Amino acid sequence: MPRVGGGFREFERRIERERDSWKVRKKDSDDRKTYAEVFDKRNLLRIYKLFSDGVIDMIDFPISTGKEGNVFRAMTSDGDLLAVKIYRTSTATFRDMAKYIQGDPRFEGVTGNRRKLILVWASKEYRNLMRFTKAKVRVPEPVAHHDNIVVMEYIGTEASPAPMMKNVALDDPEHVASVLLEYMRRGYQDAELVHGDLSEYNVLMDGNDPVIIDVGQSVLTRHPFAEDMLVRDVTNMARFFRKYGLNIDVEQQLREIRKR
Ligand SMILES: Nc1ncnc2c1ncn2[C@@H]1O[C@H](COP(=O)(O)OP(=O)(O)OP(=O)(O)O)[C@@H](O)[C@H]1O
Ligand SMILES: [Mg+2]
């Protein structure tokens, strides 16, 4: 049972208290603006729904403040950790979102305003997480989504969220590269998805194991952009692993990934 008593007002006060405890630097007006935006009335009501549905029990602290949204660590009433990604509804990147959604048969007929598009975007990320998970591509397991909010498995330890691949010295880069290439192959063959923004920024390291994140823009392999996105993903990986002295042959990997 979630420990939510006292209805929305009490919930609002709890969130206030949490937010104060994050010690957002008072001078950092960007952070302050961000939190004012994330915790506007609309989002508070959406988060409240996740509380009252028993999906989460408390938002612990922000993990990341990105261009498109904020990621928070949260906890269930059983004490399990989750990650909660809340997309901004007022960013300029929505033009880019439109072109990924158009051309995706799953979202045929979806047009219109930015707010609507972002709700679709979050549901797209959720569905992509499902497809990747089913295809045994390691991504955070999806837990729930509601409007512009995606709740998923938290990658990391009690002490800290998992670092980006960019920020760690890999013990066994060859292993990590081959796992990632295998994930791209499974993604393509089994999930019929191309990540589309794969880089050392969107891979978290769970110990020695890579976990791919940020799949909102991932498209079906039959999307008109899919092949170009795949080439970019493989090229990014080749570029990154070159730093470790690995020589990934992009053309050969593309053949492996596409092989029927
Ligand atoms: N499931 C998760 N578990 C732990 N940390 C996560 C999880 N998902 C995201 N993060 C953290 O939040 C950051 C941003 O997540 P993500 O890349 O999905 O969002 P984004 O909107 O693309 O943000 P950015 O613009 O910063 O890339 C990640 O770099 C990672 O540090
Ligand atoms: Mg990202």
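Reader: Hi! How many aromatic pairs does the structure hold?
Author: Hi there! This is a predicted model, and it holds 9 aromatic pairs. One of them joins Phe11 and Tyr48, whose ring centres are 5.0 Å apart.

Reader: And what is the angle between the planes of Phe11 and Tyr48?
Author: The planes of Phe11 and Tyr48 make an angle of 50 degrees, and the pair counts as tilted.

Reader: Nice! New topic: how many salt bridges are there in the whole structure?
Author: A search of the whole structure gives 20 salt bridges. Among them is the one between the side chains of Arg73 and Asp60, at 2.9 Å from N to O.

Reader: Where do Arg73 and Asp60 sit?
Author: Arg73 is in strand E2 (residues 69-75), while Asp60 is in strand E1 (residues 58-65). The two are 13 residues apart, and their pair links distant parts of the chain.

Reader: Okay, now the big picture. What domains is the chain divided into?
Author: Domain 1 covers 7-153 and domain 2 covers 165-258. Their C-alpha centres lie 25 Å apart.

Reader: How many residues of each domain are in contact with the other?
Author: On the domain 1 side there are 23 residues, in contact with 27 residues of domain 2. About 2,000 Å² is buried between the two domains, and carbon and sulfur atoms give 62% of that area.

Reader: Which residues of domain 1 lose the most area to domain 2?
Author: Those are Tyr100, Phe132 and Arg138, which together make up 32% of what the domain 1 side buries.

Reader: And how many salt bridges are there between domain 1 and domain 2?
Author: There are 2 salt bridges between the domains. The count of residue pairs in polar contact between them is 12.

Reader: Which parts of domain 1 supply the side that touches domain 2?
Author: Strand E3 (81-87), helix H4 (94-101) and helix H5 (114-134) each supply at least two residues. The largest share comes from H5, with 7 residues.

Reader: Last one: how do the residues on that side of domain 1 divide into nonpolar, polar and charged?
Author: The side of domain 1 that touches domain 2 has 10 nonpolar, 3 polar and 10 charged residues.

Methods: Residues numbered from 1 in each chain as written. Chains lettered and ligands numbered in written order. Predicted model: local features only at pLDDT ≥ 70, side-chain atom pairs only at ≥ 80, totals over all residues. Heavy atoms only, no water. Domains from an automatic or database assignment. Contact = heavy atoms within 4.5 Å. Buried area = accessible area lost by both parts, 1.4 Å probe. Salt bridge = Lys/Arg side-chain N within 4 Å of Asp/Glu carboxyl O. Polar contact = N/O pair within 3.5 Å; in protein donor to acceptor, adjacent residues only side chain to side chain. Helix = DSSP H or I, 4+ residues; strand = E, 2+ residues; numbered from the N terminus. Nonpolar A, V, L, I, M, F, W, Y, C, P; charged D, E, K, R; others polar. Phe/Tyr/Trp six-rings, centres within 6.5 Å; stacked < 30°, edge-to-face > 60°.
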